[in-house]
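Keep the viewer open and follow along as we go.

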Amino acid sequence: MPSLTASPAWQALARHRRDMGAVSTRSLFAADPERYRRFSLEACGIRLDYSKNRITAETLELLTGLARERDLEGLREQLFSGSAINTTENRAVLHTALRQRHDAPVTPDGGPDVIPEVRAVMQRLGAFVDGVRFGSVTGLSGRRFKDVVNIGIGGSDLGPLMVVEALRPYQHPDLRIRFVSNVDGTHLYDTLDWLDPETTLFIITSKTFTTEETMTNARSARDWFLGEGGTEADIGKHFIAVSANTAEVAKFGIGPESTFNFWEWVGGRFSLWSAVGLPMAMAIGMERFDRLLAGAHAMDEHFHTAPLEANMPALLGLLGVWAINFWDAPAHAVVPYDQYLHRLPAYLQQLDMESNGKSVDRDGNRVDYATAPVIFGEPGTNAQHSFFQLLHQGTRPIPVDFLAAAESHNPFGDHHRLLLANMLAQSEALMRGRTAGEARAELEAAGTPAARLDALLPHKVFEGNRPSNALLYKKLDPYTLGALIALYEHKIFVQGVIWNLNSFDQWGVELGKALARTTGAELAGAPAADHDSSTAGQLLWLRERMATES
Ligand code: F6P
């Protein structure tokens, strides 16, 4: 296969990009009243409108041509069939098996079928969740649990936290779900402050069970529990482990009866569908957790079977490639006009940037093209009052995903209409822009004096052509959320295939972790190693003051 940028499909896209430089999206809408119908589709309860991207039918043909040239369909097959596509760790990537509804066997890298084991863990988990939610499983004094604290970080935190927040309308009224992730003691301290050890259940979630932040928080939580009257014999009742490393769990002192397993073929950032979803299940119950899995499975089926031209994750991925590689978009904004999705951008930061934030391809070669964008976002309308200035008038195009529900969980006065009106207006403004002629006419209509008008005019012009996607759904329920998350997972997979990346490892997080072992020892008083003068200077400055305080 020729290198990506030298490939015929890439070269054709580069030529097409040059032609498209002269074509505004606004003119494309004016020329084609059917543009919305042509460039939108619906799957699994989600309506995707991508017509505000700077594309034509030819663009899509070339992009899907690129996808076929890079064998997206073949790699998609390998993903679902359990080939070891995570080559640097020699692992299959089977988060799709965790939500599979039918019984077709799934055999990671030709091994035994994993579906029976997945179902067995879920059944045990379900019994435990029901026990806690309905009060038959209790703590040391027989009182019902009131607080569940998940201790985990990265994929063992962001997904479950995002889902718990997103599905708050469905939450158990008497069970509070809390999350502690940061090794900053403030996070744990602030959380413990609210808790009664007799009615608190800790879930220690870590695939490896060696992550420094999680183990430090877990040990401190255990010390707090023992200091507040709990005994070693009560630990099994108040500390649950979710992990793929049962040996490390046992070393921590949590027995198999209090441990829920998952497997090496589940990547951390793709793990919320496994027992890692325990805090979610505690919040919304097993039936709704099952609906979340069903929504994700429906999106899996869509991604697996729909032709690329009508395939939502494929289209989103390819539109991202178009923006990043051919229009130099450095970032991608995620703006849910849905307050319950306020942690979605944070969740997607890990999902996207830990997967595709790489500069070496699957074969170990340095790439000569841009890969993952910087993902950022905030709920609308808040975002409009922070970074939208840059989206409208900054120097580089930054695609936006707008997300919105037709129906609010909280129909409160006129709020929802205003919310949706803003979302529609922002995507229209980004696409249309405002020409100098339009700006002049508006200033004249407002009676602006000529000298002031000339000075103001350049500031009032909006170039337009800023791409956006709208992801619309009826209401944010578990099924829709499951489909939405799976949509983003597969979008990221598609981009990884085009860029020839291994989207499933994360070697880039290792170096800092290793160096922190040295700096940690040095802060504790060990002689300083051979650092650059900046690191050495900061270390000394901090160490002197830490020492003064103690
Ligand atoms: O940040 C690196 C990472 O390995 C993530 O990929 C992972 O989600 C997170 O740490 C937590 O890992 P674990 O679940 O093993 O504690």
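## A pair within one helix

K251 and E248 sit 3 residues apart in helix α12 (residues 246-252), so about one helical turn separates them. Helices (H or I, at least four residues) and strands (E, at least two) are taken here as DSSP runs, numbered from the N terminus. The two side chains form a salt bridge, with 2.8 Å between the closest N and O atoms. The term salt bridge stands for a side-chain nitrogen of Lys or Arg within 4 Å of a carboxyl oxygen of Asp or Glu. K251 counts as exposed at 64% relative accessibility, whereas E248 is partly exposed at 23%. For these words, buried means under 20% relative accessible area, exposed over 50%, and partly exposed in between (1.4 Å probe, protein chains only).

This is a predicted model, in which local features need pLDDT of at least 70 and side-chain atom pairs count only at pLDDT 80 or more, while totals for chains, interfaces and linings use all residues. Residues are numbered from 1 along each chain as its sequence is written, and side-chain values use heavy atoms, with hydrogens and water left out.

## Other salt bridges

How many salt bridges does the structure hold? The count is 30. One of them joins R68 to E73, whose closest N and O atoms are 3.3 Å apart. R68 is partly exposed, with 36% relative accessible area, and E73 is partly exposed too, at 29%.

Another salt bridge brings R119 and D103 together at 2.6 Å, N to O. This pair links distant parts of the chain: R119 belongs to helix α7 (residues 115-134), while D103 lies 16 residues away in the loop between α6 (95-98) and α7. R119 is partly exposed at 31% relative accessibility, and D103 is exposed at 58%.

## An enclosed helix

Take a look at α16 next. Helix α16 (residues 344-356) has 13 residues and spans 18 Å from its first C-alpha to its last, close to the 18 Å expected at 1.5 Å a residue. That expected span is 1.5 Å times one less than the number of residues in the helix. Because 10 of its 13 residues are buried, α16 is largely enclosed by the rest of the structure. The buried residues include Y347, L351 and D352. Partners that these buried residues pack against include the helices α8 (158-166) and α21 (478-498), along with strand β10 (400-405).

## A buried proline

P197 lies in the loop between α9 (185-192) and β5 (200-205), and is buried at 10% relative accessibility. Leaving out residues up to four places away in sequence, P197 touches W224, F225, E228 and H238, where contact means heavy atoms within 4.5 Å.

The largest pocket has a volume of about 1,000 Å³. Of its 38 lining residues, the closest to the centre are T208, T211, Q506, V509 and K513. Helix α22 gives the most to this lining, with 5 residues. On a 1 Å grid over the protein atoms alone, a pocket is an open set of points where a 1.4 Å probe fits, with protein on both sides within 12 Å along at least five of seven lines; lining residues have an atom within 4 Å of a point. Grid points are joined across faces, edges and corners, and a volume is the space filled by probe spheres set on the points.

The second largest pocket holds about 460 Å³ of space. Among its 21 lining residues, Q339, S408, N410, H416 and L419 are the closest to its centre. Helix α18 (residues 415-432) supplies the largest share of that lining, 4 residues.
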